[in-house]
Amino acid sequence: MKKSVGYSLLAGLAAVVVLISTAIFVGFGGEDGGPGTSPHKPRDPAAPAVSGQWVGTWSAAAAAAEPGTLNGYAGMSIRNVVHTSVGGAGVRIQLSNLYGTRPLVVSHATLALAAAPSNPTAASGTMRRLSFGGKPAVTIPAGGAVTSDPARLKVPGDADLLVTTYSPSPSGPATYHPYARQTSYLARGDRAEDATGAAYTEQSPYWRYLTGVDVWSTQARGSVVAIGDSITDGITSTAGANHRWTDFLAARLRTEPGAPRYGVLNQGISGNRLLVNGSRFSPNNGPSVLSRLERDALSRTGVKAVIVEIGLNDLFKTPRQLDPEKIVGGMRQIVQEAHARGLRVTGSTLTPFGGHRGYSTQLNSVREQVNRIIRSGTVYDEVVDFDKALRDPASPGRLRPEYDSGDHLHPSDEGFRAMAYAVNLAHLKQSAAAAL
C-alpha cells in the first residue's frame, strides 16, 4: 500500500471516530444548552452551561451500619424515594457498602420517576434498568462504593425518584442514613423492575445503600454541598414535604433571577460533630465532619461551593469541647482542605438553644465566643448568620417561637425556610479563595 493511501485511510478513520464520539456525546447530552462562549472569556456562573455535564442532584451521607442487619437484606428489594434539586437528560447513582463487613451483591437495580410524591409506583414509561461497567449486576466490596452507568431518562428538578436495589445473598450490615424524613419501601423477592408499587408493602424511614444521584445537565453548572449535623439533616422538618433548609435553598437556586444554577447536596448527619467521631454508643452520629469532609463534600460530583453548619454537638456531647479556639481551629482546617481543592466555604454561626434540655450559661457563652470569631471574617470565606436568622429578638439566646420545632434547638419548617433565605446566593458564585 502506498503511503499516501495509508495516510488517507488513517485520516478517514480518525474523522469517523471523532464524528461517532461527537454523536454519542450530543445524543446523550440532550438539547443544546444555548449559545457558545469564548474559551478566553469568563462566563456568568448564572448562565446555562454550553455543553452538558454531570452534576449532583441529590445525596445523603452514609451515617452508620444499620442495627439488626447482620445479613443485610438478602432476597429483598429496597425502593429508596429521593427528591431531585435539579433536572437533566440522563441519570446515574452511587451505592455504598461503607459499613458493610462482607461484599454486597446487587444483582438488579433500577431507577424511575415516582408516579406521585412519596409513592412507590413508577410513572408510566420511566422505569430504567441500571448497569455497572456494562453488566446488570455488581459486587461492592466491604467499605467500597460504586457508580452506575448512565441511563437515559429525562429527570425534572423538584421531583421524586425511585431507586431500587435487589440483593440475592447475605451481605453483612446495611450502610444507611437513619433520619431520611422520607418514606421508602421494601418488598420480598426481586421486584426491582416492578412499575407498580403493590408489592412494596413495608415502609421505612431510612435510606439504604444509596448515597448519591447525578444528572446530565445542560442548565446546571455544578452543585453546592451542605455538610453539618441534625439541623442540616432536617430532623424536625415535615416528613415527605422536602422542607429541610437545603430544599428551600434548592428552590431559590432553581427559580431566582441571577441565582447560580446549582444542584444542592445535603450531607447532614444527625448528632454529628466537627472534631470527634460518633462513639460505639451513638454510632448513628457518624464520623466527624473533619474525617468525612473529603468523601462527603469535597469529592462530590460537580461541587462548586461548600456550606458548613456544625459545632453545637461539640458543646453538648461527651467529651465536651469548651475551648472556642479549638472549635474554630477545626473550622479553619475545613477551609484549608477546601481551598486545596479550589473551593470556597461559606460557614454558619452556631444557632440558639435557650430552653433546650442541654442548655447552660457556660455552653451558651462558648457558642457566643465562637460566633464572634466567625463573624470577624477570619474563619470562613463567607459567613451565613443562621444565629441572627433564627434568634428571637426579644430573647437572643432562644429561637423565635415561630421558628422553633418545639425542642428549642431544631428549627420548624418556617425556621428552615428562614435559614435558606439567609444564604447570600452571590457568595456561592465566587471562586477565588478569601484571604483569611
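Biologist: In what order do the six strands of the open sheet stand, and is the pairing parallel or antiparallel?

Modeller: Please bear in mind that this is a predicted model. As a general idea, the strands of a sheet pair through backbone hydrogen bonds, in either a parallel or an antiparallel way. Here the order of the six strands is 7-6-11-3-13-14, and the pairing is antiparallel.

Biologist: Which strands stand at the edges?

Modeller: Those are strand 7 (128–129) and strand 14 (202–204). Each has a single partner strand, so one side of each is left without a neighbour in the sheet.

Biologist: How many bridges join strand 13 to strand 14?

Modeller: Three bridges join the two, and strand 13 covers residues 184–188. Within this antiparallel pair, S184 stands opposite S204 of strand 14.

Biologist: Let us turn to the helices. Why is helix 4 described as largely enclosed by the rest of the structure?

Modeller: Burial is judged by relative accessible area, and a residue under 20% is called buried. Helix 4 spans residues 289–298, and seven of its ten residues are buried, so the helix is largely enclosed by the rest of the structure.

Biologist: Which residues of helix 4 are buried, and what do they pack against?

Modeller: The buried residues are V289, L290, R292, L293, D296, A297 and L298.

Biologist: How many cavities of 30 Å³ or more does a search of the whole structure find?

Modeller: In general, a probe the size of a water molecule is rolled over the atoms to show where empty space is left. In this structure the search finds two cavities of 30 Å³ or more.

Biologist: What lines the largest cavity?

Modeller: Its lining consists of D229, E309, I310, G311, L312, S348, T349, L350 and T351. By class, three of these residues are nonpolar, four polar and two charged. The space inside the largest cavity is about 40 Å³.

Biologist: Which residues line the second largest cavity, and which element gives the most to that lining?

Modeller: The second largest cavity has a volume of about 30 Å³. Its lining is made up of A60, A61, A62, T175, Y176, H177, W207, Y209, L210 and T211. Strand 12 (175–177) and strand 16 (210–217) are the elements that give two or more residues to this lining. Strand 12 gives the most, with three residues. By class, the lining has seven nonpolar, three polar and no charged residues.

Key. Residues numbered from 1 in each chain as written. Predicted model: local features only at pLDDT ≥ 70, side-chain atom pairs only at ≥ 80, totals over all residues. Heavy atoms only, no water. 1 Å grid on protein atoms, 1.4 Å probe; cavity = no way out; pocket = protein on both sides within 12 Å on 5 of 7 lines; lining within 4 Å. Points joined across faces, edges and corners; volume = space filled by probe spheres on them. Nonpolar A, V, L, I, M, F, W, Y, C, P; charged D, E, K, R; others polar. Helix = DSSP H or I, 4+ residues; strand = E, 2+ residues; numbered from the N terminus. Pairing = 2+ DSSP bridges. Buried < 20%, exposed > 50% of the residue type's maximum accessible area, 1.4 Å probe, protein only.
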